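Please open the structure in your viewer and keep the selection panel at hand. The stops below go from one element to the next.

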Amino acid sequence: MSSKISLSQCKREVNGKLALLYRQLGKEQQFKISCTVRYDLRGTRAGTAQLHYRLGAPSNRKEDNVIYLNQGMLQDPALHQEMVDEVIPHELAHIAAGHLYPHERGHGKQWRSIALSLGCSGKRTHNYDVTEHQVRKVRRLSYRCSNELCAKPYKLTVIRHNRVLKGRRYLCRHCRSALVQDEVELETCGGEL
Ligand SMILES: [Zn+2]
Ligand SMILES: [Zn+2]
């Protein structure tokens, strides 16, 4: 039985890989980003990515762009290399696509072209675990009145949110200012890789 790769070694490799990928993204997509990596993803998913919106736009802050990795898979010598070479670019491509093409969801054309440019195979699911491919829809859609003096919070349904993406405006019931999306967690990759 082979032994686990230490978490500190994993983190060094993840950070090294990401540094390379950030440079590649800058070169090929003219897009600069730096992500927070968390290692607490459990279960059958190898990785997932989340980005947060602030005041209606994807946030560039490091803490708002999060890649979650499955620590058990990362430390497993049989899966380790694929985690580094496939899963990390896969998830980073979700973050980049979320910024560059915010209307696209999941594994669309733009995501795929970014993933391929980062050296990922562009496949959607990993083949070392039986898991359903599922990209979850955004569920919590927090909006806020854009008038800073009012700033009342609102929850919009997915249907209304989709209308906002197409240009529809919803107004605050109190002051009639437009509502803007507010620090919403966008699950860019709900299942699989
Ligand atoms: Zn208001
Ligand atoms: Zn994905």
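Helices (H or I, at least four residues) and strands (E, at least two) are taken here as DSSP runs, numbered from the N terminus. This is a predicted model, in which local features need pLDDT of at least 70 and side-chain atom pairs count only at pLDDT 80 or more, while totals for chains, interfaces and linings use all residues. Residues are numbered from 1 along each chain as its sequence is written, and chains are lettered from A and ligands numbered from 1 in the order in which they are written.

Next, select helix 1, residues 7–29, and within it pick out Ser8. Is Ser8 buried or exposed? A residue counts as buried if 20 or more other C-beta atoms, placed from the backbone, lie within 10 Å of its own, as exposed if 12 or fewer do, and as partly exposed in between; Ser8 is exposed, because 8 other C-beta atoms lie within 10 Å.

Now move to the open sheet of three strands, whose order is 6-5-7 with antiparallel pairing; strands pair if DSSP finds at least two bridges between them. Strand 6 (153–155) and strand 7 (179–181) stand at the edges, each with a single partner strand, so one side of each has no neighbour in the sheet. Finally, select strand 5, residues 142–145, which pairs with strand 7 in the antiparallel sense over three bridges, and look for Cys145, whose bridge partner in strand 7 is Leu179.
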